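Q: I have a structure open and would like to go through it piece by piece. Can you help me read it?

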Amino acid sequence: MKKVLFLGMLSLGLFASAQQTANRFFYEMTYKPKKAVDSLDKEMMVLDITKDKSLYRDYMSVSQDSIMKASIEKMQKSGTFDPDFQKKMKQPKISYQIIKEYPSMKIQYVEMIMNMMKPMYISYTEDLPLAWKIQNESEKIGEYNTQKATLEYGGRKWTAWFSTDIPFQDGPYKFKGLPGLIVKIQDDGNNYSWVLKGNKKVEDFKEKTYAEELAGLGTPQDLSKEKFYKTFNAYKKDPFGSMRQFLTPDVMKQKMPGTNKTMGDYIKENEKQLDKLYNGTDNPIELNSL
């Protein structure tokens with residue numbers, strides 16, 4: 001969430017979301033952001049499975065809910081912006097979410113963009129049959145008895161280990177369709193891998209985080225895949241493009257309440273953060289994505 005919206009968001013009401021029980025699976029994702037650099041990054045991702053869908057996203061956005069709620073409520077009460085708010089919050093490294101509908105297993109790929117000072121979700125939906133080849137080889141991974149399967153997808157060759165002890169035909173990212181939950185998967189070039197690190201039952205599960213509810217983020221606008229990437233790629237080049245007409249010199253000079261920084265300072269800081277988030281990798285999971 002961008003600082004430029006915080007003061008405006010303080011006046012927004014929360015949008016109630018349905019509560020239900022979810023099975024939460026924690027995956028450690030290890031990945032190589034840059035093709036020419038051998039260093040690897042790690043990020044904890046979660047796959048939340050309910051009776052009618054699964055939701056895959058960066059755990060950072062979920063884990064900070066209580067901190068954000070306390071900070072926002074404090075700012076609402078005081079009526080001023082907390083200059084240390086950003087220091088309390090960590091920026092997720094992965095911006096997208098992936099929803100799989102049950103039982104169809106259609107996939108919805110979701111990103112957030114800014115549209116005329118308001119955040120909104122855009123997405124594309126696809127049927128994605130995956131041509132798995134199940135092997136006879138088995139392996140014990142942690143506490144799980146797993147079986148091997150291979151796949152060619154997105155310009156990469158993948159090896160997965162799934163467990164029929166966990167009766168969900170699901171897994172991290174877009175991977176699905178095996179007769180059990182994927183416990184481990186990696187490509188043959190060691191660019192991306194996911195390993196299941198644990199799970200728990202989440203009572204009163206909310207699909208949206210506190211930040212998403214506060215921002216009023218509703219149902220994603222579903223586009224064709226081509227239009228989605230055209231829209232999102234343009235957004236990544238200039239995340240504040242739709243807001244430029246409102247960011248007049250006078251507005252940019254205004255001080256943020258309770259700080260010594262101007263609106264222009266905050267815009268520049270956010271531009272750097274968003275550039276790192278969206279353009280910090282040239283090695284996508286799907287090499288043939290649009």
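Q: Let's start with aspartate 204. Is it buried or exposed?
A: Aspartate 204 counts as exposed, because its relative accessibility is 54% and the cut-off for exposed is over 50%. Keep in mind that this is a predicted model.

Q: Where is aspartate 204 placed?
A: Aspartate 204 is in strand β11, which covers residues 192-206.

Q: What is phi for aspartate 204?
A: Phi of aspartate 204 is near 50°, a positive value in a residue that is not glycine. Tyrosine 173 also has a positive phi, of about 55°, although it is not a glycine.

Q: And tyrosine 173, is that buried or exposed?
A: Tyrosine 173 counts as buried, at 4% relative accessibility. Tyrosine 173 is found in the loop between β9 and β10.

Q: What about aspartate 170, where is that found?
A: Aspartate 170 is in the loop between β9 (156-163) and β10 (181-187). Aspartate 170 has 0% relative accessibility, so it counts as buried.

Q: Which side chains make polar contacts with the side chain of aspartate 170?
A: Among them are serine 54, at 2.8 Å, and lysine 100, at 2.7 Å. Beyond four places in sequence, the residues in contact with aspartate 170 include Leu47, Tyr102, Met105 and Phe175.

Q: Tyr102 is on that list. What is the peptide bond from tyrosine 102 to proline 103 like, cis or trans?
A: The bond is cis, with omega near 0°. Proline 103 sits in the loop between β4 (97-101) and β5.

Q: New topic, aspartate 48. Which strand is it in?
A: Aspartate 48 is in strand β2, residues 41-49. With a relative accessible area of 1%, aspartate 48 is buried.

Q: Which residues does aspartate 48 touch?
A: Not counting residues up to four places away in sequence, aspartate 48 touches Asn23, Arg24, Lys53, Ser54, Leu55, Arg57 and Phe205. The side chain of aspartate 48 makes a polar contact of 2.6 Å with the side chain of arginine 24. Another polar contact, of 3.3 Å, joins the side chains of aspartate 48 and arginine 57.

Q: Now helices. Which residues of α6 are buried?
A: The buried residues of α6 are Phe228, Tyr229, Phe232 and Tyr235. Seen down the axis of α6, these residues fall within an arc of 130°, so they line one face of the helix. On the other side of α6, Glu226, Lys230 and Lys237 are exposed.

Q: What covers the buried residues of α6?
A: The cover includes β5 (107-115), β6 (118-126), β12 (221-223) and α8 (263-279).

Q: How many Å should α6 span?
A: At 1.5 Å a residue, the 13 residues of α6 (225-237) should span 18 Å, and the end C-alpha atoms are 18 Å apart, which agrees.

Q: Zooming out, how many helices and strands does the protein chain have?
A: The protein chain has eight helices and 12 strands. Buried residues make up 46% of its 290 residues.

Q: Last one. What pLDDT does the protein chain average?
A: The average pLDDT is 87, and 89% of the residues score at least 70. Over residues 1-17, pLDDT stays under 50. Where pLDDT is low, the predicted coordinates should not be read in detail.

Conventions:
Residues are numbered from 1 along each chain as its sequence is written. This is a predicted model: local features need pLDDT of at least 70, side-chain atom pairs count only at pLDDT 80 or more; totals for chains, interfaces and linings use all residues. Side-chain values use heavy atoms; hydrogens and water are left out. Helices (H or I, at least four residues) and strands (E, at least two) are DSSP runs, numbered from the N terminus. The expected span of a helix is 1.5 Å times one less than its number of residues. Buried means under 20% relative accessible area, exposed over 50%, partly exposed in between (1.4 Å probe, protein chains only). The arc is that of the directions from the helix axis to the C-beta atoms. Contact means heavy atoms within 4.5 Å. pLDDT is the predictor's confidence in each residue, from 0 to 100. A polar contact is a pair of N or O atoms within 3.5 Å; within protein, one must be able to donate a hydrogen and the other to accept it, and residues adjacent in sequence count only if both atoms are side-chain atoms.
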